[in-house]
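This briefing is a guided reading for someone who is new to protein structures. Please keep the sequence and the model in view, and take the topics one at a time.

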Amino acid sequence: MKNITIKKSNQKVPVGKIVCVGRNYTEHAKELGNVVPEKPIVFLKPNSSLIFSGDKIVYPSFSNDMHHEVELVLLINETIKDGNLSEAENAIAGYGVGLDMTLRDVQNKLKEQGHPWTIAKGFDTSAVVSDFISKKDYALTLEEQISLSVNGDIKQNEILNKMIFPPAEIVEYLSSLMTLEKGDIIFTGTPKGVGKVKKGDNIFAEISDVAELNCKVE
Ligand code: MG
């Protein structure tokens with residue numbers, strides 16, 4: 001069983017499913033040549049893909065083009081199905097920063113073939129999360145800076161309010177598609193600046209005032 005650590009508390013929350021949203025920042029959709037969606041793009045990662053800050057990201061044998069995607073991650077604290085916006089807001093327990101590691105070469109092939117993204121998104125170590133901060137201890141304003149650096153060079157740096165669909169709208173929409181439950185975590189999409197990592201790289205990701213994580217690629 002994998003557990004989310006909540007900062008400033010002894011609480012550990014067992015992780016449920018990992019739901020991800022794609023193309024939630026206009027400039028990122030454009031950099032990959034995608035149209036900006038009317039509704040968020042949704043996919044899942046298996047629980048087995050999850051690691052934590054300080055763990056190693058392992059390059060799978062079937063890719064030569066693993067990309068970093070830094071994202072705000074939401075933690076769900078109660079069952080919600082077909083929730084309205086305020087119920088969706090209430091269902092969010094807290095926030096962390098995460099990496100949606102993506103095999104871009106594999107994903108591009110899958111896209112061409114019209115196949116699901118599972119292989120490009122669900123490999124071991126593809127989902128990385130920090131410790132989470134409880135909403136009780138911190139109110140997210142969306143003015144926070146989200147950033148990622150590789151070996152000290154800033155690659156992604158954006159303000160959270162550039163998200164097309166803010167957190168509560170994402171949860172509201174997802175809850176219309178599938179029941180969300182306590183312990184589920186939601187990756188909310190990446191800003192522009194995604195790029196390739198290689199073995200030996202050190203990744204540092206941060207959302208100001210919220211959380212940070214550190215991982216090495218091997
Ligand atoms: Mg992503």
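This is a predicted model: local features need pLDDT of at least 70, side-chain atom pairs count only at pLDDT 80 or more; totals for chains, interfaces and linings use all residues.

A residue counts as buried when its relative accessible area is under 20%, as exposed when that area is over 50%, and as partly exposed in between. By this rule E158, at 9% relative accessibility, counts as buried.

**The chain as a whole**

- The chain contains five helices and 18 strands, and its C-alpha trace spans about 40 × 35 × 35 Å along the principal axes.
- A compact globule of 218 residues would have a radius of gyration near 17 Å, and the 16 Å of this chain agrees with that.
- Of the 218 residues, 52% count as buried, while the chain exposes about 9700 Å², of which carbon and sulfur atoms supply 49%.
- When contacts between residues at least 6 apart in sequence are considered, 75% of them join residues at least 24 apart.

**The magnesium ion**

- The magnesium ion is coordinated by E69 and E71 through OE atoms and by D100 through OD, at 2.0 to 2.1 Å.
- Along the chain these donors follow the spacing E-x1-E-x28-D.
- Both E69 and E71 are buried; for E69 the relative accessible area is 4%, which is under the 20% cut-off.

**K121 and the charged residues around it**

- K121 has its place in helix α4, which covers residues 118-121, and K121 is buried because its relative accessible area of 2% is under 20%.
- If residues up to four places away in sequence are not counted, K121 touches F43, K45, E69, D100, M101, T102, Q107 and S126.
- The side chains of K121 and E69 meet in a salt bridge, with 3.5 Å from N to O.
- Because E69 lies in the loop between β7 (66-68) and β8 whereas K121 lies in helix α4, this pair ties together parts that are 52 residues apart in sequence.
- A network of salt bridges links K45, E69, D100, R104 and K121, so two of the magnesium donors named above, E69 and D100, also take part in charged pairing.

**Other salt bridges**

- The count of salt bridges comes to eleven, and in general side chains of opposite charge can pair when their charged atoms come close.
- K192 and E158 meet through their side chains in a salt bridge of 3.3 Å, N to O.
- K192 lies in the loop between β15 (185-187) and β16 (195-196), and E158 in strand β14 (residues 153-159), so this pair joins parts that are 34 residues apart in sequence.
- Another salt bridge is formed by the side chains of K198 and D201, at 3.1 Å from N to O, and D201 is buried with a relative accessible area of 3%.

**The nonpolar cores**

- In soluble globular proteins, nonpolar side chains tend to be buried together.
- The largest nonpolar core has 49 residues, and I57, M66, L99, L160, V171 and I186 touch the most other members.
- Several elements each supply at least two residues of this core, among them strands β8 (70-76) and β9 (92-100) and helices α3 (104-113) and α5 (167-177).
- Leaving aside neighbours within four places in sequence, I186 is in contact with V19, L72, V73, L74, I76, I170, V171, L174 and L180.
- A second, separate core of 17 residues includes I6, C20, A127 and F187.

Notes. Residues are numbered from 1 along each chain as its sequence is written. Side-chain values use heavy atoms; hydrogens and water are left out. Donors are N, O and S atoms within 2.8 Å of the metal (3.2 Å for Na, K and Ca); water is not among the atoms, so sites may look incomplete. Buried means under 20% relative accessible area, exposed over 50%, partly exposed in between (1.4 Å probe, protein chains only). A nonpolar core is a set of buried Ala, Val, Leu, Ile, Met, Phe, Trp, Tyr and Cys residues joined through side-chain atoms within 4.5 Å. Helices (H or I, at least four residues) and strands (E, at least two) are DSSP runs, numbered from the N terminus. Contact means heavy atoms within 4.5 Å. The radius of gyration is taken over C-alpha atoms; the globule rule is 2.2 Å times the number of residues to the power 0.38. Accessible areas come from the Shrake-Rupley method with a 1.4 Å probe; for residues, only the protein chains shown count as cover. A salt bridge is a side-chain nitrogen of Lys or Arg within 4 Å of a carboxyl oxygen of Asp or Glu.
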